[in-house]
Amino acid sequence: MSTFYTGDTGRGTGPHLDFRIWDVEKGGYINPGPFANILTSGGRPVTELFPVTSGYGTRVHPVLGGIRMHDGIDYGTPSGTPIDVAGGTLLATYDGGSGGIMSQYAFERDGRKYEALLLHGSA
């Protein structure tokens with residue numbers, strides 16, 4: 001298992017975790033809420049440890065302004081928070097520009113393939 005460490009990289013309003021789900025079959029982002037149970041920190045669910053600071057869906061962008069789609073769920077995590085993806089296989093870690101340091105994990109649920117993306121990691 002590969003651990004992702006949250007940070008403050010990319011375009012954002014401070015340290016946090018942006019969690020997204022890519023549906024491989026559909027070829028697009030979907031609501032990550034039903035998948036949040038794959039995220040843990042120190043063996044505990046992220047959903048029990050950190051508040052949601054921005055949900056999935058349209059919102060006023062906190063940096064760019066204007067109404068925009070937010071494909072993820074943001075959790076208010078301090079920099080350096082270790083995040084594990086249960087059942088996930090690390091595909092890549094890279095600098096995604098506005099998303100900062102990002103890691104991509106493959107996993108399956110109910111016979112379908114998905115990818116979890118974790119954004120704004122520690123450099």
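Which residues does Q104 touch, not counting residues up to four places away in sequence? I will come back to that in a moment, after a word on what we are looking at.

This is a predicted model, in which local features need pLDDT of at least 70 and side-chain atom pairs count only at pLDDT 80 or more, while totals for chains, interfaces and linings use all residues. Residues are numbered from 1 along each chain as its sequence is written, and side-chain values use heavy atoms, with hydrogens and water left out.

Now to Q104, which sits in strand β12, where a strand is a DSSP run of E with at least two residues, numbered from the N terminus. Its contacts, beyond four places in sequence, are T89, L90, L91, A92, Y94, E115, A116 and L117, a contact being heavy atoms within 4.5 Å. Q104 counts as buried because its relative accessibility is 17%; with a 1.4 Å probe and protein chains only, buried means under 20% relative accessible area, exposed over 50%, and partly exposed in between.

Strand β12 covers residues 101-109 and pairs with β11, residues 89-95, in the antiparallel sense over six bridges; for two strands to count as paired, DSSP must find at least two bridges between them. Within this pair, Y94 has M102 as its bridge partner in β12. Five residues lie between the two strands of the hairpin, and there G97 takes a positive phi near 70 degrees.

D110 counts as exposed because its relative accessibility is 75%. Although D110 and Y29 are 81 residues apart along the chain, their C-alpha atoms are separated by 18 Å.

Let me turn to the open sheet, which has four strands in the order β1-β10-β4-β5 with antiparallel pairing. Its edge strands, each pairing on one side only, are β1 (4-5) and β5 (44-45). Two bridges join β4, residues 39-41, to β10, residues 82-85, and L39 stands opposite V85 in β10. P82 also belongs to β10, and it counts as partly exposed because its relative accessibility is 32%. Leaving aside neighbours within four places in sequence, P82 is in contact with T3, F4, Y5, T40 and S41.

What about the interior? The largest nonpolar core has 20 residues, and those with the most contacts inside it are F19, I21, L39, Y75, A116 and L118; such a core is a set of buried Ala, Val, Leu, Ile, Met, Phe, Trp, Tyr and Cys residues joined through side-chain atoms within 4.5 Å. At least two residues of this core come from each of β2, β9 (72-75), β10, β12 and β13. A116, with neighbours up to four places away not counted, touches residues including F19, I21, V85, Q104 and F107.

Finally, the largest pocket holds about 410 Å³ of space, a volume being the space filled by probe spheres set on grid points joined across faces, edges and corners. A pocket here is an open set of points on a 1 Å grid over the protein atoms alone, where a 1.4 Å probe fits, with protein on both sides within 12 Å along at least five of seven lines, and its lining residues have an atom within 4 Å of a point. Of the 27 lining residues, D18, R20, R59, H61 and H120 are the closest to its centre. β8 gives the most to this lining, with three residues.
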